[in-house]
Amino acid sequence: MTLATDAPKDVFRLSMLIYDTRYRSYTIQIAVLVLLLLFLGWITDNTIQNLAERGKDISFNFLWQRAGYDIDQQLIPYTNDSTHGRATVIGILNTLVVAIIGCLLATVIGVVAGVLRLSKNWLVARIMTVYVEVFRNIPVVLWIIVASVFLTETQPQPRDFKVTDEMIMAGEEPKASMLFGAIAITGRSTDIPAPVLSRPLPTLEIATVPVSLSFLAFLAVVVVSVMANRRFLTRVTAVQEETGVRPVTWWKSLLILFGPSIALLIAMGLHLEYPELKGFNFKGGISINHAFSALLVALSLYTGAFIAENVRAGIMAISRGQSEAAFALGLRPGRAMKLVILPQALRVIIPPLISQYLNLTKNTSLGIAVGYLDLRGTLGGITMNQTGREMECMVLMMGIYLVISLIVSSIMNAYNNAVKLRER
Amino acid sequence: MKKTMFLGTLAATTVLAGAAFAGTLDDVKARGELLCGANPGLTGFAAPDANGEYQGFDAALCKAIAAAVLGDATKVKFVPLSSEVRFTALASGEVDVLVRNSTATYSRDNDLKLDFPVINYYDGQGFMVKKDLGVSSAKELDGATVCIQTGTTTELNLADFFKHNNITYTPVTVQDDSEAQRNYLAGSCDAFTTDASGLAAVRSSFPDPENHIILPEIISKEPLGPAVRHGDNQWGDVVRWTYNALLIAEEKGITKANLAEVEASSTDPEVRRLLGLEGDMGVMLGLDNAAFKNAILANGNYGEIFEATIGTSTPIGLARGLNALWTQGGLQYAAPFR
């Protein structure tokens with residue numbers, strides 16, 4: 001009885017906030033948080049006050065005003081009558097298209113270069129070493145400019161492709177001709193044939209963005225084909241497990257995978273529209289401007305060099321015993337790499353790969369060096385300059401880049417969780 | 001944390017800028033140096049010479065202002081600015097005055113909060129093409145690729161012009177004149193558009209200027225002038241009257257060479273006021289009474305500067321045209337100095 005009453009009473013005293021280790025950490029954290037919030041509040045207030053002193057308020061109304069400038073690469077329709085907000089969206093899309101294609105290309109380049117760098121072939125391994133060292137040790141903006149200068153200065157002019165009657169009479173060849181009669185690389189752009197439909201499905205307009213039903217239909221057919229093929233293969237495996245004989249599948253698989261989509265495309269009248277020299281430039285087809293190509297090539301090669309090193313590190317991290325065991329089972333080196341080494345290496349490769357993807361995404365803003373109108377070029381460039389809303393544009397731009405980066409890293413983290421080693 | 005750092009720096013700069021904002025004249029005097037925002041390189045207007053010193057029509061105005069305020073035309077620090085960052089640099093106090101072929105417009109005056117005290121060059125936007133392109137009018141440029149400096153009024157005029165004439169074009173956006181030149185010469189664009197004076201200046205730096213023509217259409221009004229921050233009237237007045245002094249000097253026939261002689265012999269009261277021999281004109285503005293004399297001594301009067309930098313005797317070869325004095329049918333007209 002007496003013992004229980006003798007136990008120290010757990011009464012909270014104010015001094016415990018400092019002297020009791022149980023509470024001290026909370027005290028410090030709250031104090032720091034309050035200071036941080038005060039600091040942020042002070043900065044915001046100070047900025048607004050200073051802007052106000054200069055007669056500038058903070059307002060995002062400019063996003064709904066007419067932009068008045070033109071953008072040559074536009075994934076959704078845009079004219080100079082569109083708003084600054086729409087120009088921003090065009091910029092975001094241009095950023096995303098370089099980032100996505102760039103990440104894919106860099107991964108392909110990186111994996112190939114990383115694997116080849118470990119090749120037993122001395123020459124191949126050395127060439128890859130040179131590639132990696134050259135690309136990752138020179139600033140990427142220089143590569144972007146080099147790529148751009150190379151494309152704009154060494155390629156022929158559109159009018160070099162011109163064939164006049166006099167030239168035919170004289171039997172002269174034009175100074176330049178199209179690759180395979182379909183692709184024209186000029187000092188301005190790369191013009192490739194465009195797939196067009198002669199009997200397309202109607203186009204819907206959702207939130208002023210035209211959405212092609214033909215494309216959606218095609219996408220749906222592809223998805224259904226892939227799912228059908230998967231079911232077909234499960235069934236085949238079941239047959240194999242039952243009878244021990246695997247039925248011949250390749251032509252049925254091909255038919256299921258590609259048959260329906262090809263049929264649909266033929267029904268809609270798919271054909272190619274070739275670029276043609278008309279007036280000053282090539283018309284028709286798809287025109288890919290060199291600012292885009294230069295940015296894409298430079299970023300992919302640069303980031304590819306880093307990814308190559310990640311891949312090499314991942315492969316080297318797998319103990320020698322694994323490959324020896326694979327060889328002992330009679331797997332050829334290629335199969336051993338694909339079936340044994342790479343799946344294990346992936347869990348080492350993916351986390352640093354996320355950083356590389358983020359780097360590439362953020363580096364797209366260097367497109368400004370070659371006049372590529374991405375988010376930095378539209379919102380953070382022309383819009384900011386024409387409206388004089390530096391603060392608003394910068395804050396908005398930072399926010400958008402932050403969101404894009406967070407999306408990229410969350411997708412990659414999800415993938416990482418899917419492939420990481422499951423301990424049993 | 002990164003964001004906080006950025007906001008911190010931003011706040012720090014705005015605080016500094018705010019401090020520097022009120023009395024630019026006092027700041028310049030205290031600093032002993034004029035910070036002048038200039039074109040990174042446009043021959044004839046502002047470009048570094050072989051010794052790395054900025055020379056040209058716009059650069060001369062900066063030197064005249066420095067001479068008026070500090071009594072020494074060499075006390076200018078030229079800050080090269082691209083067309084895209086120039087107004088931000090001025091608004092944030094990075095430069096005291098921006099003399100960079102900048103067009104005075106309504107929205108720059110009222111939205112960007114700038115003031116254009118004077119117009120030192122009346123210009124209009126034109127197009128330059130290679131002669132062998134076989135184009136003689138800008139209206140024949142349907143479907144052409146056009147190089148354009150980003151963040152300029154020309155960018156908006158271009159869109160308007162093509163839209164108005166119902167023709168199309170592909171824009172190639174570049175950062176500054178030198179980049180535009182490279183792209184134009186490499187053939188990345190069929191036409192290069194900017195202020196007609198800029199085109200003439202760019203053309204003069206080509207190895208083969210005779211193979212390039214400037215099309216006859218002038219598609220806009222481009223009144224170019226020095227810009228200062230809105231709200232600092234005293235500093236705006238310094239810029240305005242330094243410039244006016246150069247105009248009046250031309251009107252009165254005062255040149256760099258004969259200034260000493262005029263000073264000794266002139267009985268014209270306006271000349272005597274201008275040169276600080278009579279009255280307290282300079283002091284009224286917070287300057288020295290010899291301020292405007294120094295400004296004229298820096299590079300000569302407006303006409304002298306024009307002829308020496310971009311006039312018909314230079315490779316750029318621009319005629320006075322609209323920029324002649326009002327007495328000779330031009331638009332350059334200074335309010336009386338009294």
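Visitor: What do buried, partly exposed and exposed stand for here?
Guide: The scale is relative accessible area, computed here on a predicted model. Under 20% a residue is buried, over 50% it is exposed, and in between it is partly exposed.

Visitor: Is B:K113 buried, partly exposed or exposed?
Guide: B:K113 has 24% relative accessibility. The cut-off for buried is under 20% and that for exposed is over 50%. B:K113 therefore counts as partly exposed.

Visitor: Where in chain B is B:K113 found, and what is its phi?
Guide: B:K113 belongs to the loop that runs between helix 5 and strand 6 (114-115) of chain B. Although B:K113 is not a glycine, its phi is positive, at about 60°.

Visitor: Is B:N101 buried or exposed?
Guide: B:N101 is in a loop of chain B, between strand 5 (97-98) and helix 5 (106-110). B:N101 is not a glycine, yet it has a positive phi of about 40°. Its relative accessible area is 12%, and the limit for buried is under 20%, so B:N101 is buried.

Visitor: What is the relative accessibility of B:T173, and in which element does it sit?
Guide: B:T173 is part of strand 10 (residues 169-174) of chain B. B:T173 counts as buried, with a relative accessibility of 7%.

Visitor: Which residues does B:T173 touch, not counting residues up to four places away in sequence?
Guide: The list has residues from chain A and from chain B. In chain B they are B:I148, B:T150 and B:E155. In chain A they are A:G371, A:L373 and A:I382.

Visitor: Which backbone oxygen does the side chain of B:T173 reach?
Guide: A:G371 is among the residues that B:T173 touches. The B:T173 side chain comes to 3.2 Å from a backbone oxygen, and the limit for a polar contact is within 3.5 Å. That oxygen belongs to A:G371.

Visitor: How many helices and strands does chain A have, and what is its radius of gyration?
Guide: Chain A holds 14 helices and nine strands. For its 424 residues the globule rule gives 22 Å, and chain A is well over that, so it is more spread out than a compact globule. The C-alpha trace spans about 120 × 80 × 50 Å along its principal axes. The radius of gyration of chain A is 30 Å.

Visitor: What is the radius of gyration of chain B?
Guide: Chain B comes to 14 helices and 14 strands, and its C-alpha atoms fill a box of roughly 60 × 60 × 40 Å along the principal axes. A compact globule of 338 residues would have a radius of gyration near 20 Å, and the value for chain B agrees. That value is 21 Å.

Visitor: What share of the residues of each chain counts as buried?
Guide: Chain A exposes about 24900 Å², with 68% supplied by carbon and sulfur atoms. For chain B the accessible surface is about 13000 Å², and carbon and sulfur atoms hold 54% of it. The buried share is 37% of the 424 residues in chain A and 58% of the 338 residues in chain B.

Visitor: How far apart are the centres of positive and negative charge in each chain?
Guide: Chain A carries 36 positive and 28 negative side chains. Chain B has 27 positive and 41 negative charges. The two centres lie 11 Å apart in chain A, and the mean positions in chain B are separated by 3 Å.

Key:
Residues are numbered from 1 along each chain as its sequence is written. Chains are lettered from A and ligands numbered from 1 in the order in which they are written. This is a predicted model: local features need pLDDT of at least 70, side-chain atom pairs count only at pLDDT 80 or more; totals for chains, interfaces and linings use all residues. Side-chain values use heavy atoms; hydrogens and water are left out. Helices (H or I, at least four residues) and strands (E, at least two) are DSSP runs, numbered from the N terminus. The radius of gyration is taken over C-alpha atoms; the globule rule is 2.2 Å times the number of residues to the power 0.38. Buried means under 20% relative accessible area, exposed over 50%, partly exposed in between (1.4 Å probe, protein chains only). Accessible areas come from the Shrake-Rupley method with a 1.4 Å probe; for residues, only the protein chains shown count as cover. Lys and Arg count as positive and Asp and Glu as negative; His and the chain ends are not counted. The place of a charge is taken as NZ of Lys, CZ of Arg, CG of Asp or CD of Glu. A polar contact is a pair of N or O atoms within 3.5 Å; within protein, one must be able to donate a hydrogen and the other to accept it, and residues adjacent in sequence count only if both atoms are side-chain atoms. Contact means heavy atoms within 4.5 Å.
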